[in-house]
Amino acid sequence: MTLLGPGTRWRNWGRSAAAQVAHVARPTSVDDVVAVVRTAAERELTVKAVGAGHSFTEIAGTTGVQVTLDGLQGLVGVDTVTKRVRVAAGTRLHRLGPLLAEHGLALQNMGDIDRQSIAGATSTGTHGTGIGFGGLATQIVGATLVTGSGDVLRVSETERAELLPAVRLGLGALGILVEVELQCVDSFVLRSADRPRPFDEVLDGWPELVEAADHFEFYWWPHTDKAMTQTKTRLPAGTAFAKPNPVALWAEKRLLENEALRVQQALGHLIQPAVPGLSRFATSVYGEGERTGVSYEIFASPRLVRFRESEYAIPFESLPRALREVRDLVERQGWRISFPVEVRAAAPDDNWMSTAYDRPSAYIAVHRYFRDDPDEYFRAFDAIMRTYDGRPHWGKMHFRSADDLRPAYPRFDDFLAVRDELDPERRFGNRYLDRVLGA
């Protein structure tokens with residue numbers, strides 16, 4: 001194969017990051033990845049793997065060699081006794097669910113977008129919701145990566161186990177993941193119930209609502225006093241449920257959830273004073289609804305309207321006060337914010353660079369339509385979240401740097417030490433990693 005193909009102009013999905021790439025490599029095997037890294041080293045080029053481009057930061061950006069992992073797909077091995085699977089790193093999450101189901105298995109938890117590759121989703125800290133469940137990276141029990149020297153390194157509970165807390169969520173700074181081993185669970189069914197509630201009622205009952213549910217989240221449109229809550233309940237695999245009518249499901253997911261949102265966002269962009277009224281109208285048509293299906297179909301929803309996003313993890317108990325402060329900020333500034341705010345929760349974990357490291361966490365995510373300038377809103381949101389000891393999602397827009405991130409992560413310097421070992425020449429570095437980890 002031709003290792004390094006011609007360059008291209010790369011943009012991420014949210015149109016918040018772009019780069020002029022010198023070379024693109026499309027490996028189809030681990031040996032190909034090794035050869036790409038070694039060739040790049042000979043030419044003194046940086047290397048970055050890229051998946052679906054669903055990160056809103058420049059974490060996957062490079063002006064050197066961009067490695068697309070689309071040629072590394074599918075299940076590499078399955079052990080139905082231990083419920084562990086080995087997965088090629090380029091496998092997209094929406095393809096992984098059906099592959100696991102064929103063996104009676106499922107991911108324990110997922111986020112609400114399933115377009116990402118498994119490598120990209122775990123490396124940036126994709127988390128989903130549920131106070132009893134960790135993020136996607138917590139399900140990794142082993143990984144194989146190509147280091148900065150072009151060597152293949154296997155990390156597991158019995159092989160360089162001390163590196164697992166770093167490698168599970170490595171920000172793309174430690175090497176190119178080529179395979180991950182996941183601890184799965186038996187297949188299960190999810191029942192998702194939507195219910196509109198008053199905004200203050202949800203915040204006042206926040207701990208009880210989260211702790212009473214397997215998976216709880218809610219959306220709040222600025223300029224309104226209503227929130228759409230979503231409660232997902234785990235059911236055994238054999239639970240009977242009526243499959244939705246394909247036409248009705250398409251109408252709900254495509255027309256109501258996406259095309260109507262697209263119209264709302266486009267109108268709000270063109271006619272800013274109309275935003276509060278449009279948001280109030282959108283919440284007025286909320287109704288209670290319920291849908292049941294296999295887990296991977298219910299966890300994720302299509303996201304067809306482009307947006308930009310900033311998200312912070314804060315201590316779980318701080319959520320009500322912090323979100324009210326965000327609401328007061330929007331009202332005080334007189335901004336017209338047309339996209340909803342999303343709120344979720346996650347269990348504490350032991351991955352060093354996880355936003356939920358060592359504490360139960362609440363997540364607040366703010367969004368703007370991709371044609372609207374997010375800077376002022378996101379910077380003010382960022383400033384509020386810092387006062388709550390917030391940790392920014394690595395794949396979403398923020399304004400933090402290494403100096404002020406270090407106090408937020410007790411194992412920050414331990415992570416840097418692993419980076420020094422696996423990529424001493426910063427073969428996998430880029431401008432974003434220089435900012436958040438230090439040049």
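**View 1. The hairpin of β8 and β9, with G150 at a positive phi.** In this predicted model, five residues sit between the two strands of the hairpin. G150 is the one to look for here, with a phi near 85 degrees.

**View 2. How β8 and β9 pair up.** Strand β8 covers residues 140-146, and strand β9 covers residues 152-156. The two run antiparallel, and five bridges hold the pairing together on the page.

**View 3. The largest cavity and its lining.** Searching the whole structure turns up three cavities of 30 Å³ or more, and the largest has a volume of about 80 Å³. Its lining takes in 17 residues. If you want to find the centre, head for G125, H127, G135, D349 and S354, which lie nearest to it. What sort of residues make up this lining, by nonpolar, polar and charged? Nine are polar, seven are nonpolar and one is charged.

**View 4. The second largest cavity, residue by residue.** This one comes in at about 60 Å³. Around the second largest cavity you'll find M110, G111 and D112, along with G128 and T129. H215, E217, K232, F299 and R344 complete the lining. Sorted by type, the lining of the second largest cavity has four charged residues, four polar ones and two nonpolar ones. For the charged part, look to D112, E217, K232 and R344, while M110 and F299 are the nonpolar pair.

How values were computed
Residues numbered from 1 in each chain as written. Predicted model: local features only at pLDDT ≥ 70, side-chain atom pairs only at ≥ 80, totals over all residues. Heavy atoms only, no water. 1 Å grid on protein atoms, 1.4 Å probe; cavity = no way out; pocket = protein on both sides within 12 Å on 5 of 7 lines; lining within 4 Å. Points joined across faces, edges and corners; volume = space filled by probe spheres on them. Pairing = 2+ DSSP bridges. Helix = DSSP H or I, 4+ residues; strand = E, 2+ residues; numbered from the N terminus.
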